[in-house]
Amino acid sequence: MIYALNLFNFVPGKEDMYRDYSVKAGRLIYGLGGRVVSSGYKPIRYLAGEVNREQFIIVEFPSEEAFERFHSEAAQHNIHRLREESTSDYIWTLFEPWDLREWVKT
């Protein structure tokens, strides 16, 4: 299992383009056994950081291979451009699960 963290801002006026991306990407993600774990829109407040981002999504994939298939299929269907043209300040990072509770015990 891996997690994809997405932090970004919408380009004003292009929210519908990102909505289209979300529907198309979601079909691929769920079809590969992934799921959206959490998402957020408009922070309550900013606590740290040099660039504020107003949206986030965390997607769980069953494996890195499943993520790679999503990434390739999205490229084949030319849907990455919807995300790229409708967002700014994008951070997209893959993480392995981290058992923080176990980690602090060591």
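A nonpolar core is here a set of buried Ala, Val, Leu, Ile, Met, Phe, Trp, Tyr and Cys residues joined through side-chain atoms within 4.5 Å, where buried means under 20% relative accessible area, exposed over 50%, and partly exposed in between, with a 1.4 Å probe and protein chains only. The model is predicted, so that local features need pLDDT of at least 70 and side-chain atom pairs count only at pLDDT 80 or more, while totals for chains, interfaces and linings use all residues. Residues are numbered from 1 along each chain as its sequence is written, and side-chain values use heavy atoms, with hydrogens and water left out.

The largest nonpolar core has 19 residues, and those with the most contacts inside it are Tyr21, Phe61, Phe70 and Ile79. At least two residues of this core are supplied by each of strand 1 (2-10), helix 1 (15-31), strand 3 (55-61) and helix 2 (64-76), the largest share, 5 residues, coming from helix 1. Helices (H or I, at least four residues) and strands (E, at least two) are DSSP runs, numbered from the N terminus.

Strand 3 is mostly covered, with 5 of its 7 residues buried.

The axes of helix 1 and helix 2, which are lines fitted to C-alpha atoms over the stretch in contact, with angles running from 0 to 180 degrees between N-to-C directions, come within 10 Å and cross at roughly 135°. Helix 1 is therefore oblique to helix 2, since angles under 35 degrees count as roughly parallel, over 145 as roughly antiparallel, 65 to 115 as roughly perpendicular and the rest as oblique. Tyr21, Ala25, Leu28 and Ile29 of helix 1 make the contact with Phe70, Glu73 and Ala74 of helix 2, contact meaning heavy atoms within 4.5 Å.

Leaving aside neighbours within four places in sequence, Tyr21 is in contact with Gly26, Phe70, Ile79, His80, Leu82 and Arg83. Arg83 itself is found in helix 3 (residues 80-86) and counts as buried because its relative accessibility is 7%. Not counting residues up to four places away in sequence, Arg83 touches Tyr18, Tyr21, Tyr90 and Trp92.
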